[in-house]
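Student: I would like to go through the terms used for this model and ask what each one rests on. Can we take the structure first and the questions after?

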Amino acid sequence: MQDYIEIKGAKEHNLKNISVRLPKYKLIALTGISGSGKSTFAMDILQRECQRQYMESMGMVTDGLNKPLVDSISGLSPSISIRQRVLSNNPRSTIGTYTEILTYLRILYAKLGVRSCRYCGKDIPPDYDLDEENELDEGNILCPYCQTEHKKLTMGHFSFNKSQGACPTCNGVGIVTTLDLTQLIDEQLTIEKGAVSLWLDPVIRTHYANTLRKCGAHYGFEFDSTKIIKDYNELERIVFYDGVDSEAFKKYFPEKKTPKRVNDGYFRGIRDFMQEKAAESVRKEIKNSKIENCIIKTECPECHGTRLGVVGRTVKLDGLTIIELSSFTAEQLYDKIKTLSENLSENALIVASAITGDIIKRTEGIIKIGLGYLSIDRKVGTLSGGEAQRIRLANVMDSGLTGVLYILDEPTTGLHPRDTQLLLEALKRLRDLGNSVLVIEHDMDFVAHCDHIIDFGPGAGSGGGNIVAIGTPSEIAKNKLSVTGKYLNRTNTLALPKEINIHNSIVVKNAHAHNLQNVSVEVPLGKLVSFTGVSGSGKSSIVFDTIVRFSESGSAECDSIRGFEYVKEIIKLDQNPIGRQSRSNIATYTDLYTPVRELYAALPQAQKLRLKPSDFSFNVKGGRCERCQGLGVIPLDMQFLDDVEVQCPVCRGKRFKKKVLSVTYKDKNISDILEATVSDNLTFLGGHKEIAGRLQTLCDVGLDYLMLGQSTITLSGGECQRIKLSKEIGKSIQGHTLYLLDEPTTGLHPSDIDRLLKLLRRLVERNNSVFVIEHALEVISQSDFIIDMGPEGGIFGGKIIAQGTPMQIAENKNSLTGKYLKNFIEEKVQ
């Protein structure tokens, strides 16, 4: 059996014809600064080729999977890649459903649940059916006290996705909706003039106006669609609002048959149409502002938001309903299931033993990966990228597969050093099962414990793509050519901030958002302040859900907040996406593209061709290629698979017409500028002050490797946040500004963190305040003040454990952050 994966002549993206051998059954770290080629090597070469070879071996068509640009790859194993992305956008998908924990709980309740007789009120004991669960079994059982017949419990009774279990009032959604049609309909207008705001297209308006006229003709009355809605007579109002199927309308024409088709005059009514749209909006969480404005959502009065019918929400097991048990965290559920056998009869124990083992195994996996604070009913769409990645990892580890290549993309993102240790132990267990684990990583404490390191560089973009060093952590640490090695051996030292004087502060009294337990805190202004603590400890709740919300609306879940009078402007920089369309790119979002277009339009060649700045825009007609409308690619519908983009056959990916591309500045056209990285453009356009200043800011926040034309929808959360920061810094803001950042070091190599730290320091030196939620010890150790939350996550957090300077936190024995900070300071900071 081959003990290596061997890659020869890799040339994908910026990789410069590299060849390397990866030892199997090891924990391998791919390191290097952002943009050095790590992700290209791992995802675009190894993962893609593993997928392609697997599909070929199964006799499947692989035309849609291009072979990566590499001479040869041998020794590949089946691979699983685990990236930081949302697991599911389905609002019904929870931790319980994703891990199948809820499935096992449903079996438990169907087999062992105790319910009250609807007639005599006494408890009906469970029916100990030791056969396999069959959801189609609709048998009945009798109350042993009054002999009243009841439907046998099935898993369906505990699922809000099935008719048996869904609350009939809200259909398993947990929310009921009412309509305010005044938000949708302007009664001062006619239909064709836009009375119904949802009917945007004039063709649609004419269609419905004609349908209503045909409706009147079918029933023998005239429907005058040229009138404004306000002037409709009673019959016209009834058919317009309630439709031909309504009882109010049928009273007028009891003998008349309802038309079957719209073309024959069938009109269902605005109210019925909007009720359906509203239900769909709630059920699928579709965002449509016009529909949303008409919907008044309230908690279902029947199930109180639990979504289950009366049976599902009242059956109990050991005194708890499935709703109550699902609200437990993974840690709480683990403890509960472990002690469940103490209260079960012998027969019940036989049934439970086949189920509880799986629940314990799955909850234990979640706890071991550092996510024990998550509740079982938590929606997976609300998880951070790091949490989603670890939940998937916990699922994978339960599978017990061997001989697999696992590829993980920065799994320590968003992790407290304690949780990083838990993750490291989990990956080592995965390795010890007989698997190869490849990790793209920047955390030096994690990298130092890997078996093997491949360090990419030396720079980013065109300056990267080489393997700088390869070997064990100790070998990399001794390699003077490796930037990563410099940080592994702790040769770079930083001076600790001295004690600070606090003049002005943001003072929060009794904050209780989410898991905060009446927290009162004084956060100093004019300083770099880090909020620390394990995941779920309450950091975001105090910064974004309390301080930011109070500043925006004047109220939040707290008694009071004062100190905003010292701040002129508050800038929130989170990790939310910054673009929903592929047209938004780095150049346009940062307002960098405008001076670039003006530069090209001012060239003699452009003036001779009478080209304006707008002709160098890919967003408007004129100079852009109309075949791809300036995108350079054309989307290809892949039916049931994800759509793919192919290069435009007209402009060959250049975005513009030949006339525009003929205009060059130092032998580069406008397309070349968009395809070059930030750092390359800084060198090329460094003589233009406005352009160079914005490019330099992008470099300062660690984004020098991005191409200017890269779509913003492809950026990670950390990249989105840093590009927002670069844009705000580029503005001319007068007065004290408070910047709030959520883990700005996400995805950054330690050398890039150093650059970011210098930028944050400059902001503070200019009489601004910077509050950061952070796990990176490099930033925490250099903060002026630290507020440490905990002691754990979820319901076990929400308190301030320690606050003060880095040294004060390091010496605080109650602080988990302090424990790791002290080791870091002793090793690195002088």
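Tutor: What follows is a set of questions and answers on a predicted model.

Student: Why is Ser36 called buried?

Tutor: Buried means under 20% relative accessible area. Ser36 has 0% relative accessibility, so Ser36 counts as buried. Ser36 sits in the loop between strand S3 (27-31) and helix H1 (38-57).

Student: How do you know that the side chain of Ser36 has a polar contact with the backbone oxygen of Ile33?

Tutor: The cut-off for a pair of N or O atoms is 3.5 Å. A polar atom of the Ser36 side chain lies 2.8 Å from the backbone oxygen of Ile33, within that cut-off.

Student: What makes the peptide bond from Gly457 to Pro458 cis?

Tutor: Its omega is near 0 degrees. Pro458 belongs to the loop between strand S16 (452-457) and strand S17 (466-471). Another cis peptide bond joins Gly790 and Pro791, with omega about 5 degrees. Pro791 is in the loop between strand S27 (785-790) and S28. Most peptide bonds are trans.

Student: Why is phi of Arg307 remarked on?

Tutor: Most residues other than glycine have a negative phi. Arg307 is a residue other than glycine, and its phi is positive, near 75 degrees. Arg307 lies in the loop between strand S11 (295-299) and helix H9 (310-314), and with 14% relative accessibility it is under the 20% limit, so it counts as buried. Asn518 also has a positive phi, near 50 degrees, and is placed in the loop between strand S18 (505-511) and strand S19 (519-524).

Student: How do you know that Asn233 caps the N-terminal end of H5?

Tutor: A side-chain oxygen of Asn233 lies 3.1 Å from the backbone nitrogen of Leu235, and the limit for a polar contact is 3.5 Å. Helix H5 covers residues 234-242, and its buried residues are Leu235, Glu236, Ile238, Val239, Phe240 and Tyr241. Just after H5, Gly243 has a positive phi of about 80 degrees.

Student: What makes His150 buried, and what does its side chain contact?

Tutor: The relative accessible area of His150 is 5%, under the 20% limit, so His150 is buried. Its side chain makes a polar contact with the side chain of Arg118 at 3.1 Å. His150 lies in strand S9 (residues 149-151). Beyond four places in sequence, His150 touches Arg115, Cys117, Arg118, Ile124, Asn140, Ile141 and Cys143.

Student: Why is Asn768 called buried, and which backbone atoms does its side chain reach?

Tutor: Its relative accessible area is 7%, under the 20% limit, so Asn768 is buried. The Asn768 side chain reaches the backbone nitrogen of Thr737 at 3.0 Å, and one of its polar atoms lies 3.0 Å from the backbone oxygen of Leu763. Asn768 is in the loop between H27 and strand S26 (769-773).

Student: What makes a set of residues the largest nonpolar core here?

Tutor: Its members are buried nonpolar residues joined through side-chain atoms within 4.5 Å. The largest such core has 72 residues, and those touching the most other members are Leu105, Leu108, Leu333, Ile359, Leu393 and Leu427. Helix H3 (residues 101-112) gives the largest share, nine residues. A second, separate core has 61 residues, including Ala601, Phe684, Cys699 and Leu706.

Student: What makes a space a cavity, and how many are found?

Tutor: A 1.4 Å probe fits in a cavity but cannot get out. Of the 27 residues lining the largest cavity, Thr412, Asp443, Thr745, His775 and Ala776 are the closest to its centre.

Student: How is the lining of the largest cavity divided?

Tutor: The lining has nine nonpolar, 10 polar and eight charged residues.

Terms used. Residues are numbered from 1 along each chain as its sequence is written. This is a predicted model: local features need pLDDT of at least 70, side-chain atom pairs count only at pLDDT 80 or more; totals for chains, interfaces and linings use all residues. Side-chain values use heavy atoms; hydrogens and water are left out. On a 1 Å grid over the protein atoms alone, a cavity is a set of points where a 1.4 Å probe fits but cannot get out, and a pocket is an open set with protein on both sides within 12 Å along at least five of seven lines; lining residues have an atom within 4 Å of a point. Ala, Val, Leu, Ile, Met, Phe, Trp, Tyr, Cys and Pro count as nonpolar, Asp, Glu, Lys and Arg as charged, and the others, Gly among them, as polar. Helices (H or I, at least four residues) and strands (E, at least two) are DSSP runs, numbered from the N terminus. Buried means under 20% relative accessible area, exposed over 50%, partly exposed in between (1.4 Å probe, protein chains only). A polar contact is a pair of N or O atoms within 3.5 Å; within protein, one must be able to donate a hydrogen and the other to accept it, and residues adjacent in sequence count only if both atoms are side-chain atoms. Contact means heavy atoms within 4.5 Å.
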